[in-house]
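The report then turns to a helix and to the packing of nonpolar residues.

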Amino acid sequence: MAYRPQRGSAACALVLIALLTSTPVEAGGVEGAAASALAQPKSMRQVGLPAAATGATIPPDNPQTPEKIALGLRLFFDPRLSADGTIACSGCHDPARAFTDGKPVSTGIAGRAGQRNAPTILNALFNATQFWDGRAATLEQQVAFPIVNAVEMGQPSLDAALERIAVIAEYQEGFRKAFGSAPDARNLARAIAAYERTQLAYDSPFDRYIAGERDAIDAAARRGWELFNTRARCNRCHALSEKERDTTNFTDNDFHNIGVMILRHDVVRLAKQARQLLASGDAAAIDRAAIQTDLSALGRFLVTKKESDIAAFKTPGLRNLLLTAPYFHDGSHATLWDVIDHYNKGAGLNNPYLDEDIQPLALSERDVDDLVAFLASLTSPAYKEAAAVELARQRELSRTTRPQRDTARAFGPKPPRPKPPAARQ
């Protein structure tokens, strides 16, 4: 009998524990790294993992089952869902890279480049919305967009993708086990979403520190944690409240213009163009604009059409950051030092849409190093070795290449923000 969880219920958490700590999903026949430990559903028994909140994210119409998760894993790694049979979901969301791809912007079939950096799916079940601009409300909705985007997996429709795999015996059996029916497009999306909800990333040194293990992180990381919540102002976006420290997901689930590359685009002109193109509110048109055109620079505006949302993008979580470089929605920042330098200088001069919380921070070099040490402490055990290598690489690079560094601006006054020009017709 299918279990239908109630929001926040302890029973739901117990069911998830049983599902996610059982024998790993068999992945025979699935392409690529599907059978690796990093691809498998993650345990609920992780220090710092919010069990009740995790259970509350499971929609009543798509309860988790081992059969559905196994099917979703197989589909996630299967390039046959793409138009030319070369790109799977895992092509942009590689478990070895914390479910990202290590590129500034992702590439799809025939080497076609998109406009945005691939976000991780680790802890994506907690996202209030999906994608950098929040154009999908749920993981089930999110799954369909890359499959039918011409730059990504290139299928004309979700049904066309289904036709590629519906005749395969292992999928016919997998859908029957998971849903009691033959393969269909709706259940394809539900299965992949169910698998994505098993990708939980906690149990980091920071989590153990918060749980009471005082030596789990070093003095630099502890100083970084204090800076994060005080002078560095990171908590203005990476916490649910400025008054209460967030030790779980490090995001406000909101959208902000943080001054990244806005001057590269004439966003006022683009906004006028977008109003004409997207007047219908067609979700597929918004997706095409976000991935295939310069309208991508408009961010959340593509969804809301509000001038205040021009070039605003979702606040990402911060866990396993060392594995998800390069950073920001356009992959424009190579290291964590670059990211902090960007904020330290107060970001976007002459940016009329800049978030009001962005201002020069006057952080010293030790402060920057301490913040990086804190962010590194958010690494899950499975990525410990890879993160250490990446941290060393970024540190070495930061000694010679700091394109975002501007000490004079970092220690200067907050520049006046110009008034935005009219973006309406």
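## Contacts of Leu-322

In this predicted model, Leu-322 touches Tyr-327, Leu-336, Ala-376, Thr-379, Ala-387, Glu-390, Leu-391 and Gln-394, with residues up to four places away in sequence not counted. Leu-322 itself sits in the loop between strand 2 (313-314) and helix 13.

Is Leu-322 buried or exposed? Its relative accessibility is 3%, so it counts as buried, the cut-off being under 20%. Thr-335 is 13 residues from Leu-322 along the chain, and the C-alpha atoms of the two are separated by 8.5 Å.

## Helix 15

Among the residues that Leu-322 touches are Ala-387, Glu-390, Leu-391 and Gln-394. Ala-387, Glu-390, Leu-391 and Gln-394, together with Ser-398, are the buried residues of helix 15. Seen down the helix axis, the buried residues fall within an arc of 105°, so they line one face of helix 15. Glu-385 and Val-389, on the other side of the helix, are exposed.

Helix 15 covers residues 384-398, which makes 15 residues. From the first C-alpha to the last it reaches 21 Å, close to the 21 Å expected at 1.5 Å a residue. What covers its buried residues includes helix 13 (336-344) and helix 14 (365-376).

## The nonpolar cores

Nonpolar side chains tend to be buried together in soluble globular proteins. Which residues have the most contacts inside the largest nonpolar core? They are Leu-75, Ile-165, Phe-175 and Leu-188, in a core of 82 residues. Helix 7 (residues 185-196) gives the most to this core, with eight residues. Apart from this core lies another, of 20 residues, including Ala-285, Ile-286, Ala-290 and Ala-297.

Leaving aside neighbours within four places in sequence, Phe-175 is in contact with Leu-71, Leu-75, Leu-162, Ile-165, Gly-180, Ser-181, Ala-182, Pro-183, Asp-184, Asn-187 and Leu-188.

## Arg-74 in helix 3

Arg-74 has its place in helix 3 (residues 66-76). At 15% relative accessibility, Arg-74 counts as buried, because the cut-off is under 20%.

How many residues apart along the chain are Arg-74 and Gly-174? They are 100 residues apart, while their C-alpha atoms are separated by 9.3 Å.

Definitions and conventions. Residues are numbered from 1 along each chain as its sequence is written. This is a predicted model: local features need pLDDT of at least 70, side-chain atom pairs count only at pLDDT 80 or more; totals for chains, interfaces and linings use all residues. Side-chain values use heavy atoms; hydrogens and water are left out. Helices (H or I, at least four residues) and strands (E, at least two) are DSSP runs, numbered from the N terminus. The expected span of a helix is 1.5 Å times one less than its number of residues. Buried means under 20% relative accessible area, exposed over 50%, partly exposed in between (1.4 Å probe, protein chains only). The arc is that of the directions from the helix axis to the C-beta atoms. Contact means heavy atoms within 4.5 Å. A nonpolar core is a set of buried Ala, Val, Leu, Ile, Met, Phe, Trp, Tyr and Cys residues joined through side-chain atoms within 4.5 Å.
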